[in-house]
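Thanks, everyone. Please bring up the structure, and we'll walk through it together.

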Amino acid sequence: MTTGPMEGGPMPDTASPPGPAASNASLRAYLRGLPGVDEVGARERAGELAARSIKSAAKGRAIDLAIRMVDLTTLEGADSPGKVRAMSAKAAHPDPADPSAPAAAAVCVYPDLVSVAVAALRGTGVGTASVATAFPAGRAPLEAKLAETRHAVASGATEIDMVIDRGAFLSGDYRKVVEEIAAVKEASGSAHLKVILETGELGTLDNVRRACWLAIRAGADFVKTSTGKVAPAATLPGTLVMLEAVRDHHANTGARVGVKAAGGIRGTKDAVRYLVLVNEVAGAAWLTPDLFRIGASSLLNDLLMQRTRLASGTYPGPDYFTLD
Ligand SMILES: O=C[C@H](O)COP(=O)(O)O
């Protein structure tokens with residue numbers, strides 16, 4: 001098992017973390033002094049939780065919860081207003097034949113399409129999330145990243161999904177990572193900020209733990225695994241480490257930060273595995289769209305198919321739901 005209050009006593013935040021104006025040297029010293037993540041233990045624990053089965057009655061509830069947690073995403077060069085409108089309609093009413101099917105949490109689009117999603121989602125309660133900060137690579141001057149963030153917010157985005165500067169992180173410039181997140185947080189105003197770590201580029205689970213700590217410290221409302229553009233994208237062990245980080249942050253400060261698993265999550269089985277992980281690692285308090293999201297471009301249809309099968313005993317035909 002990895003580190004945690006139940007297994008290893010007080011967590012890192014209690015070990016006199018450096019103050020808000022800390023130099024890069026003290027951030028480096030602090031982060032490098034944190035107890036390491038037990039990679040083998042994390043993988044074993046994630047594997048063990050993934051193997052758990054849940055009863056049919058609980059499965060129906062889990063599927064509805066997973067639908068409510070979906071950030072229905074399109075992040076392609078070929079995205080168009082028409083596609084965003086169709087996706088927004090689907091997010092608000094995933095199964096037009098069954099009004100009991102819950103709505104998704106949000107639609108996630110590039111900044112130039114935010115206004116289209118906002119108009120299409122007005123009055124539905126579904127949020128509009130926008131990637132910003134030169135998604136997915138994050139290679140742009142800070143001013144350009146802030147301008148993009150402000151544009152998305154001015155267009156009505158309720159959530160901003162930013163990427164961290166992985167180059168700065170991997171070369172040990174933690175101060176730059178923190179400053180950039182804090183600046184984007186300010187530019188986001190009242191929009192919720194999700195900070196994408198791009199765990200597939202961080203190399204180790206220790207780095208995932210460190211990046212989480214920096215993002216939370218800089219003001220993240222959510223920490224998010226991946227852009228969906230880099231392999232591996234979301235993984236159970238990486239998400240486990242992130243859930244431990246938010247759990248420990250809560251134990252140390254009383255504040256709750258959310259987690260978003262995104263990238264490569266395509267089936268109901270996978271979605272349910274993430275819910276089991278959330279429940280077992282962070283706790284039931286995180287089983288809400290306010291604290292856990294699944295970012296996915298093509299998961300919703302499988303959730304709807306499984307939902308219909310549970311209710312009726314048969315799978316709907318392949319053409320029953322509109323394409324994700
Ligand atoms: O943020 C969400 C991801 O970009 C979606 O990735 P996906 O297309 O693999 O589902």
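Start at Val223. Skipping neighbours within four places in sequence, Val223 is in contact with Val195, Leu197, Cys212, Ala215, Ile216, Met242, Val246, Val257 and Val259. Contact means C-beta atoms, placed from the backbone, within 7 Å.

A word on the source. This is a predicted model: local features need pLDDT of at least 70, side-chain atom pairs count only at pLDDT 80 or more, and totals for chains, interfaces and linings use all residues. Numbering runs from 1 along each chain as its sequence is written.

Val223 sits among the residues with the most contacts inside the largest nonpolar core, which has 94 residues. Such a core is a set of buried Ala, Val, Leu, Ile, Met, Phe, Trp, Tyr and Cys residues joined through C-beta atoms within 7 Å. Helix H10, residues 205–218, gives the most to this core: nine residues. Helices (H or I, at least four residues) and strands (E, at least two) are DSSP runs, numbered from the N terminus.

Next, Arg293, in strand E8, residues 292–296. Is Arg293 buried or exposed? Arg293 is buried, because 27 C-beta neighbours lie inside 10 Å. The cut-offs: buried is 20 or more other C-beta atoms within 10 Å, exposed is 12 or fewer, partly exposed is in between, with C-beta atoms placed from the backbone. Arg293 and Val259 are 34 residues apart in sequence, yet 6.5 Å apart in space, C-alpha to C-alpha.

Last, strand E1, residues 70–73. Val70 and Leu72 on one side are buried, and so are Asp71 and Thr73 on the other. E1 pairs with E8 in parallel, over three bridges; pairing takes at least two DSSP bridges. Leu72 stands opposite Ala296 in E8.

Terms used:
Contact = placed C-beta atoms within 7 Å.
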